[in-house]
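Let's walk through this protein together, one piece at a time. Have the sequence and the 3D view ready as you read.

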Amino acid sequence: MHNSADLQEIVDEIAARLGASATLEDRSFRLLAYGAQHGDIDTVRQESILRRRATGEVREYFERYGIARANGPVRIPADAELGVLARVCWPLRHADVTYGYLWLLDPGELTGPGGQLGAGERAGSGERAGAGGHAGSGGQAGSGGQAGSGGRAGSGGLIDERLLAAAPLVARAAAALAQEARSRQDLGRGLRALLSADPEERAGASIEVPGPVAAIAVRESQERVAALWTLPRGVLARAGSPVALLAPAHLAGEVAQTMQSAYGTAAGIGATRTDPADAWLSWREARQALRIAEHFPRHAPIARWEDLGVHRLLARLGQADLRELAAEIAALDAELAQTVEVYLDRGGHVQKTAAELGIHRQTLYYRLGKAERLIHRDLSDGDDRLAVHMGLKAARLRPHDQP
């Protein structure tokens with residue numbers, strides 16, 4: 001992980017040199033460091049400092065100016081509705097990859113002789129700031145590809161000399177974030193050992209992470225690829241089937257949502273463990289929760305282990321036990337199985353069941369009676385109802401190609 005003290009030192013020095021309020025965030029707009037306040041403060045800066053992250057609406061506004069691919073500083077105009085003051089965004093790029101952003105509150109003082117920094121304002125009138133090389137069309141400054149390369153801001157004039165003086169510090173921050181990304185990839189490769197059920201393999205894990213943590217299992221996709229390195233700091237990830245992640249407990253839900261959306265599949269979150277040495281237990285639960293999320297719509301697309309109730313017992317069962325339970329309802333066709341399951345899910349409430357299935361109550365009674373005759377069970381008997389209900393749930397976890 002990168003040195004937070006080093007990043008804070010960089011931000012403080014930039015703020016002092018430029019006389020502007022400076023904030024440093026990672027690529028997911030999570031706050032990493034911020035300098036002393038200079039002049040006015042807006043809602044966005046307050047929220048970033050207090051909540052450690054900008055809102056989705058604000059992030060979308062900023063991204064309209066092409067900051068993710070800009071090669072130099074981009075001016076972002078004010079927006080009263082969002083509570084945004086005018087500012088300069090300096091993407092932290094290293095080896096042509098953006099790892100974060102430096103934000104400078106600025107009413108227009110950090111500009112070139114032409115009064116512009118690359119005219120990011122054009123995107124505000126409907127044009128998206130592009131990723132090309134001309135600041136006049138994309139809101140970018142600098143003719144080089146790296147942070148701090150300086151040079152001309154396209155047709156907008158030279159970058160302010162104070163900005164040029166801060167360029168080495170920006171490059172230093174970008175390099176630090178790039179190094180962290182590489183370190184996280186190395187740690188991700190060691191995540192397999194940390195999450196292993198084999199105590200000997202876990203003993204050889206060289207990863208040290210602070211607790212509390214929660215493991216996340218995400219089903220991979222053949223059509224989509226997620227950039228694991230862009231996840232918030234402190235999150236470890238390993239590609240595989242399923243994708244494995246270990247996150248600080250307070251970020252688990254957010255990370256699961258991000259990854260599930262990226263892959264368009266399902267995810268499971270294990271219970272929190274205070275001691276990271278027990279993360280393998282959370283990982284086991286995460287995989288079992290994923291299994292439930294993939295087979296039970298009410299728990300999809302993201303299932304938390306703590307919220308699964310009796311489904312936790314089902315998720316722990318092997319195929320032999322599931323087959324034995326599912327045998328209870330083997331004689332039912334798909335329509336009858338659905339009817340009985342909805343009926344039992346609704347606690348035997350006829351009106352609610354009929355309404356959900358879109359059928360008349362007499363039709364429901366007919367189907368329930370037919371089902372009882374086929375499986376030789378009485379749905380008014382508590383034990384029989386339990387056996388049938390468990391059988392229906394177990395059948396969902398059985399592979400479709402197995403009898």
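The buried residues of helix α14 are Leu-364, Arg-367, Leu-368, Gly-369, Ala-371 and Ile-375, where buried means under 20% relative accessible area with a 1.4 Å probe, protein chains only. Helices here are DSSP runs of H or I with at least four residues, and strands are runs of E with at least two, numbered from the N terminus. This is a predicted model, in which local features need pLDDT of at least 70 and side-chain atom pairs count only at pLDDT 80 or more, while totals for chains, interfaces and linings use all residues. Residues are numbered from 1 along each chain as its sequence is written, and side-chain values use heavy atoms, leaving out hydrogens and water.

What do the buried residues of α14 pack against? Their partners are α12 (334-345), α13 (350-357) and α15 (382-396). Just after α14, His-376 takes a positive phi of about 60°.

Now look at Glu-341 in helix α12. Glu-341 counts as buried because its relative accessibility is 8%. Leaving aside neighbours within four places in sequence, Glu-341 is in contact (heavy atoms within 4.5 Å) with His-389, Leu-392, Lys-393 and Arg-396.

Next comes an open sheet of 5 strands, with mixed pairing and the order β7-β8-β6-β9-β10; two strands pair if DSSP finds at least two bridges between them. β7 (236-238) and β10 (302-304) each have a single partner strand, so one side of each is left without a neighbour in the sheet. Strands β6 (residues 213-218) and β8 (residues 243-248) pair in the antiparallel sense over 6 bridges. Among these residues, Val-218 has Val-243 in β8 as its bridge partner.

Methods:
Buried means under 20% relative accessible area, exposed over 50%, partly exposed in between (1.4 Å probe, protein chains only).
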